[in-house]
Amino acid sequence: MKIVVLDGHAENPGDLSWQGLEALGDVTVYDRTDVHDEALIRARIGDAEAVYTNKTPLTGATIAAAPNLQFIGVLATGYNVVDLEAARQRGIPVCNVPAYGTQEVAQYAMALLLEICGSVGLHDRLVHEGKWAACPDFCFWETPILGLAGKTMGIIGFGRIGRALGRMAAAMGMKVLASGSRPCPEGEAIADYVPLEELLAKADVISLNCPLTPQTEGLINRQSIERMKRGVILINNGRGPLVMEQDLADALNRGRVYAAGLDVVSVEPIRPDNPLLTAKNCIITPHISWAARESRQRLMDIAVENLRAFLAGRPVNVVNGAV
């Protein structure tokens with residue numbers, strides 16, 4: 001089997017091995033493929049029977065131009081880069097990788113929150129610049145240091161990652177509210193399920209852990225921000241388009257939102273004119289919640305198993321109904 005990986009660098013910049021995939025066929029791995037060059041994408045797929053993509057789009061026209069294509073693997077949980085219907089009409093299963101980094105993504109959301117509350121990076125830098133050595137007191141702080149115990153964490157999207165974050169928040173003494181997912185016994189042991197409007201009104205911290213759908217796109221906007229507590233903290237390491245970025249930047253600059261911790265933005269890599277780059281109290285990291293080596297190894301293992309299962313005639317993690 002001829003296997004092509006269109007954009008393997010993010011998943012494996014050199015610290016993992018493609019050996020598991022190589023055991024299944026003749027593998028060509030491209031670190032990156034220009035997402036805007038459809039002719040190049042088609043040329044690189046060529047006569048491949050299996051193609052893996054992370055963020056390189058596979059349009060209906062691209063799929064139609066791949067005569068031997070039998071399998072599409074996505075090196076991620078999200079699969080919006082693939083024309084699912086075009087693949088389904090060809091009988092090509094599109095297989096994603098669910099639940100590979102649950103704990104690590106939740107951990108990163110908490111890291112963003114803790115950085116906002118403690119400004120660890122800022123104070124480390126100031127100490128190394130000599131400010132503590134020159135201080136007349138035994139301590140100093142440049143920004144407020146915030147405690148979390150007794151505050152309310154509102155989690156929008158209470159699936160695997162949301163529940164993992166909820167357990168962390170509860171362990172820190174926070175009350176947890178959940179919205180956007182169906183109640184389940186595991187979730188009810190962690191949080192109170194409430195309507196979205198109640199969560200917006202009561203939460204001191206709001207974390208976005210819901211999928212991006214037509215219903216959730218732009219969920220955080222001028223109107224929803226006005227329904228939040230003044231001084232709320234927003235965390236988003238889910239999907240960038242959940243947030244109307246100019247509205248959030250405006251709210252940060254006027255103090256309506258105290259701070260935001262973001263690992264995703266609407267267009268990635270971030271554009272130089274993104275309004276959040278100059279907003280007050282806004283931490284932005286480059287979409288790395290998923291990038292712990294442990295997470296990427298699990299992603300690799302599941303991606304390989306997806307193709308192995310397909311070859312055995314029992315496809316798994318199929319997201320387009322082509323089985």
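Modeller: A disulfide is a pair of cysteine sulfur atoms within 2.5 Å. The model here is predicted, and a search of the whole structure finds 0 disulfides.

Biologist: Are C210 and C282 buried or exposed?

Modeller: Buried means under 20% relative accessible area. C210 has 7% relative accessibility and therefore counts as buried. C282, with a relative accessible area of 18%, is buried too.

Biologist: How many of the residues of the chain count as buried?

Modeller: The share is 46% of the 323 residues. The accessible surface of the chain is about 15,300 Å², and carbon and sulfur atoms account for 54% of that area.

Biologist: What does the radius of gyration say about the chain?

Modeller: A compact globule of 323 residues would have a value near 20 Å; the chain has 22 Å, which agrees. Its C-alpha trace spans about 70 × 45 × 35 Å along the principal axes.

Biologist: How many helices and strands are in the chain?

Modeller: The chain holds 12 helices and 12 strands. Among contacts with a separation of 6 or more, 60% join residues 24 or more positions apart.

Biologist: Where do the centres of the positive and negative side chains lie?

Modeller: They are 5 Å apart, for 30 positive and 36 negative side chains.

Terms used:
Residues numbered from 1 in each chain as written. Predicted model: local features only at pLDDT ≥ 70, side-chain atom pairs only at ≥ 80, totals over all residues. Heavy atoms only, no water. Helix = DSSP H or I, 4+ residues; strand = E, 2+ residues; numbered from the N terminus. Rg over C-alpha atoms; globule rule 2.2 N^0.38 Å. Buried < 20%, exposed > 50% of the residue type's maximum accessible area, 1.4 Å probe, protein only. Contact = heavy atoms within 4.5 Å. Areas by Shrake-Rupley, 256 points an atom, 1.4 Å probe, with all protein chains shown as cover. Lys, Arg positive; Asp, Glu negative; His and termini not counted. Charge placed at Lys NZ, Arg CZ, Asp CG, Glu CD.
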